[in-house]
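I opened the notebook and loaded the model.

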Amino acid sequence: MAGEPWTAAADGVVIDVRLTARGGRDAIEGTERRADGRAVLKVRVRAVPAAGEANAALCLTIAKALAIAPRQVTLAGGATSRLKRIRVAGEPAVLIAALRRLVSDER
């Protein structure tokens, strides 16, 4: 599907994320289109953006939502930015199908 915030990689998928720290709850809130035309997955976490807490909470939230081990989800870029890149290890087709189900359930 065109315009999705994830791309397949040889060993999994890479997801573009817009993170809201101190968001009151840990949740994936669907997708949005940025001003530059790029799609991102919207995620909010309760953790504060200090000492990597929000990044760790982001990875854990994605792992729980996809029902995979937390070690499969790592931060690939944007450690100090709201816009981040997350790498999820696993079978790309299975992960993409799960992500599509996840965002369609959020709408």
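My entries follow, one topic at a time.

**Ground rules.** I am working with a predicted model, where local features need pLDDT of at least 70, side-chain atom pairs count only at pLDDT 80 or more, and totals for chains, interfaces and linings use all residues. Residues are numbered from 1 along each chain as its sequence is written, and side-chain values use heavy atoms, with hydrogens and water left out.

**Core.** I looked up the largest nonpolar core and found 27 residues. Such a core is a set of buried Ala, Val, Leu, Ile, Met, Phe, Trp, Tyr and Cys residues joined through side-chain atoms within 4.5 Å. Buried means under 20% relative accessible area, exposed over 50%, and partly exposed in between (1.4 Å probe, protein chains only). I15, I62, L66, I86 and V88 have the most contacts inside this core. Strand 2 (12-20), strand 4 (39-44), helix 1 (53-66), strand 6 (83-89) and helix 2 (92-106) each supply at least two of its residues. Helix 1 gives the largest share, 7 residues. I took helices (H or I, at least four residues) and strands (E, at least two) as DSSP runs, numbered from the N terminus.

Next I checked L66. Leaving out residues up to four places away in sequence, L66 touches V88, L95, A98, L99 and L102; contact means heavy atoms within 4.5 Å.

Strand 1 (residues 6-9) and strand 2 run antiparallel, joined by 4 bridges. Two strands pair if DSSP finds at least two bridges between them. W6 has I15 as its bridge partner in strand 2. The hairpin between strand 1 and strand 2 goes through 2 residues.

**Salt bridges.** How many salt bridges are there by this rule? The count comes to 8, taking a side-chain nitrogen of Lys or Arg within 4 Å of a carboxyl oxygen of Asp or Glu.

I noted R100 with E4, whose closest N and O atoms are 2.7 Å apart. R100 lies in helix 2 and E4 in the segment before strand 1, so the pair ties together parts 96 residues apart in sequence. R100 is partly exposed at 33% relative accessibility, while E4 is buried at 17%.

Then I turned to D16 and R85, which meet in a salt bridge (2.8 Å, N to O). D16 sits in strand 2 and R85 in strand 6, 69 residues apart. D16 is buried, at 11% relative accessible area. R85 is partly exposed at 38% relative accessibility.

Last entry: R18, E32 and R34 are linked in a network of salt bridges.
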